[in-house]
Amino acid sequence: MVVRIRLARFGCRNRPFYRVMAADSRSPRDGKHLEVLGYYNPLPGKDGGKRMGLKFDRVKYWLSVGAQPSDPVQRILFRAGILPPPPMLAMVPKGGPRDRRPIHPMTGRPLDLEGVTVVDDSNVPEGDAEEPVSEE
């Protein structure tokens, strides 16, 4: 049984409120859970900040026995100081300019085509190809 630490949604429409729960990974989002570990309210309070409360000792226990936090819970636990920062991915603005350079198939890195010369051009028909003229 894989245990996940994840959010269960409560509250009404347009006013979400989440509980941080330890649950079996096969159970539905708002279904059966093993333990309530805290809460998270994404709506700003009177002070302008998001509110959250966690039972630190129970969260550390579930992490020590192998529970896997979901991505949103991992960010919450990072803000609380329990987990190290999640790995950052190279984020490109959605719909922004894309890198159109060809990619090397073995390394996955973009190729630098400034110093590369094309040896065989398949677009040129064979009869039209110019042969080098030697000067003697």
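Strand S1 (residues 3–12) pairs with strand S2 (residues 15–24) in the antiparallel sense over 10 bridges, where strands are DSSP runs of E of at least two residues, helices are runs of H or I of at least four, both being numbered from the N terminus, and two strands pair if DSSP finds at least two bridges between them. The model is a predicted one, in which local features need pLDDT of at least 70 and side-chain atom pairs count only at pLDDT 80 or more, whereas totals for chains, interfaces and linings use all residues. Residues are numbered from 1 along each chain as its sequence is written, and side-chain values use heavy atoms, with hydrogens and water left out.

Within the pairing of these strands, Ala-8 stands opposite Arg-19 in S2.

Asp-71 is found in helix H2 (residues 71–80), and its C-alpha atom is separated by 9.6 Å from that of Ile-5, a residue 66 residues apart from Asp-71 along the chain.

Side chains of opposite charge can pair when their charged atoms come close. With a salt bridge taken as a side-chain nitrogen of Lys or Arg within 4 Å of a carboxyl oxygen of Asp or Glu, the count comes to two. In one of them, Glu-35 is joined to Arg-58, the closest N and O atoms being 2.9 Å apart. Because Glu-35 lies in strand S3 (residues 35–41) and Arg-58 in helix H1 (residues 56–64), the pair ties together parts that are 23 residues apart in sequence. Glu-35 counts as buried at 17% relative accessibility, and Arg-58 as partly exposed at 29%, where buried means under 20% relative accessible area, exposed over 50%, and partly exposed in between (1.4 Å probe, protein chains only).

Asp-24 forms a salt bridge with Arg-26, with 3.2 Å between the closest N and O atoms. Asp-24 is buried at 15% relative accessibility, whereas Arg-26 is exposed at 67%.
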